[in-house]
Protein chains: 4
Amino acid sequence: MAIQVSVCGPRDCSPDDESNAREVGRLLAGRGAVVICGGYSGVMAAVAAGARTAGGTVVGILSRADREQANPDLSIVIPTGVGEARNNIIVNSGDAVIIVGGSWGTLSELALAKRRGNVPVVQLGGWRLLDHDGRPVPGLRYVSSPREALAATGLW
Amino acid sequence: MAIQVSVCGPRDCSPDDESNAREVGRLLAGRGAVVICGGYSGVMAAVAAGARTAGGTVVGILSRADREQANPDLSIVIPTGVGEARNNIIVNSGDAVIIVGGSWGTLSELALAKRRGNVPVVQLGGWRLLDHDGRPVPGLRYVSSPREALAATGLW
Amino acid sequence: MAIQVSVCGPRDCSPDDESNAREVGRLLAGRGAVVICGGYSGVMAAVAAGARTAGGTVVGILSRADREQANPDLSIVIPTGVGEARNNIIVNSGDAVIIVGGSWGTLSELALAKRRGNVPVVQLGGWRLLDHDGRPVPGLRYVSSPREALAATGLW
Amino acid sequence: MAIQVSVCGPRDCSPDDESNAREVGRLLAGRGAVVICGGYSGVMAAVAAGARTAGGTVVGILSRADREQANPDLSIVIPTGVGEARNNIIVNSGDAVIIVGGSWGTLSELALAKRRGNVPVVQLGGWRLLDHDGRPVPGLRYVSSPREALAATGLW
């Protein structure tokens, strides 16, 4: 079975996030990894497009029960119909989780991935977390390039 | 994107169900369809094994949040962690749904597939449904062989 | 903690189903049971109305993530946002499950309740199930009145 | 229908979080609000206990499909069986969401509540969020006492 990597990020993303996501997708496909994503626009579309240009397999785990608004670069479509609860499914499906950019939905995926506890979670761009005393919450790996993101997963 | 066909059936299945499921998997893979299944034993394992022997792609939509007890013939594993609610996801993911054999879990998948309303649902073996007046509930297609099951989906 | 009884049935129900559901709700409230239902129209609205007229508590487990289309007789509203997967939650929440009438969605609840295995499931009206050899599938209790439905749960 | 307020927080919480949660529960019950919580230990148990001492109604939305490990102060138990996806259901069920303390699971609830977009989200203790440039992520209301938490919901 191929390695599966979940890539999460906002629909409304910055140009930097988009280009990072595309490159993450391209690199993952180059390593033979299956990309798991949310299947819609923004970071989700960019990582899918990147992976497909490199001949990769992309699974879109949709919130809707049908295929409306799914991006065109998905190899396999899973229209869960469970709404935002699909975020749990995305993060459970990865041997690693790469977060590109920040939004509330993306933060929920970051948090759920860390809640899983036994999976590498890598953040490229996006938000920072401080604990009650203003110190960084431990356990996150911040990276600054797609290449570093793959390396930080520890999968290769 | 490839055609996706969901195949549902019990963990504890009869030898006939198992051999039917294996053949359904083999035939679907031969047509280039992606097989969606529940990813565990019984009918789920048989359809996966059949598809893999024919070089097909099999997606296992697991009830658990991890990969424990998943069968070894899955190409892609989706550990949903949503328990039996994963049945909805399985039936939402198919361009057609083929039911092999009968159990309460399988009946829930049949019912949810019919509830979707716009997808062919084909039954190979398994239970019969009568309405309050003892007449067959309309809308189901009963078939008696794997080959008929594929034909009855209307996809080819 | 009060006894909780889940009552399931179609949105588009017959006048008989509606009057049965209303009486089931009234009787359950009279016994001090909390009624769990799907929170929309048809059987769901009737059982809620019946329970409220008798001063009972009704929990509506909605498929939507908001309160749109919820019936006005709910005491507590749970807008799950998980779509039809909310059927699992309804049947998991009852110390017994009473099915009033038949539809595909209702059948999925009946099947999921039986799948749970350790909960009384009572059917008032609705569909019949036959196994592959034409014999009734065992494990269902068919009753013909609301009063019998409560008795058949074995809770009182 | 009564106002419903969701209260979220970690199983492993600090003594301050526990005493805050208990007082939040007591105050909410005093206002006639139904408390929605996760139904297990830590902050969930404390808010339930506080509400029950004041005669309030507490709904526990459990991750498990059964009642194991549920705390004893729940009035109504919803064993969803959908695992961590129950976090979505908790935050969808509140007219406001009060976060007490910090953990990854709690952060996912905070993020999902903000993702909803149209509900007041109040944080009492717990983690801080900074955007990519080190500025506080807008849209959160930090308070320092249970009384302020209720006021900050804007519901009364």
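This briefing describes the contacts between chain D and chain A and between chain B and chain C. The structure is a predicted model in which local features need pLDDT of at least 70 and side-chain atom pairs count only at pLDDT 80 or more, while totals for chains, interfaces and linings use all residues. Residues are numbered from 1 along each chain as its sequence is written, chains are lettered from A in the order in which they are written, and side-chain values use heavy atoms, with hydrogens and water left out.

**Relation of chains B and C**

- Superposed by least squares on the C-alpha atoms of residues with pLDDT of at least 70 in both, chain B can be laid on chain C with an RMSD of 0.0 Å by a turn of 180 degrees and a shift of 0.0 Å along the axis. That is the relation of a two-fold axis.
- Of the interface residues of chain B, 100% are also interface residues in chain C, so the copies meet through the same surface.

**Interface of chains B and C**

- The contact (heavy atoms within 4.5 Å) takes 23 residues from chain B and 23 residues from chain C.
- About 2,200 Å² is buried between chain B and chain C, with 70% of it given by carbon and sulfur atoms; buried area is the accessible area (1.4 Å probe) that two parts lose on being put together, summed over both.
- There are 2 salt bridges across this interface, a salt bridge being a side-chain nitrogen of Lys or Arg within 4 Å of a carboxyl oxygen of Asp or Glu; one of them joins C:R115 to B:E84 at 2.9 Å, N to O.
- On the side of chain B that touches chain C, α3 (86-92), α4 (104-116) and β7 (128-130) each supply at least two residues, the helices (H or I, at least four residues) and strands (E, at least two) being DSSP runs numbered from the N terminus.
- The most is given by α4(B), with 8 residues.
- Strands pair if DSSP finds at least two bridges between them, and here 3 bridges join β7(B) to β7 of chain C, the two running antiparallel, with B:L129 opposite C:L129.

**Interface of chains D and A**

- Chain D and chain A each give 23 residues to their contact, and they bury about 2,200 Å² between them, 70% of it on carbon and sulfur atoms.
- Among the 2 salt bridges found across this interface is that of D:E84 with A:R115, whose closest N and O atoms are 3.0 Å apart.
- Strand β7 of chain A is joined to β7(D) by 3 bridges in an antiparallel arrangement, in which D:R128 is the bridge partner of A:L130.
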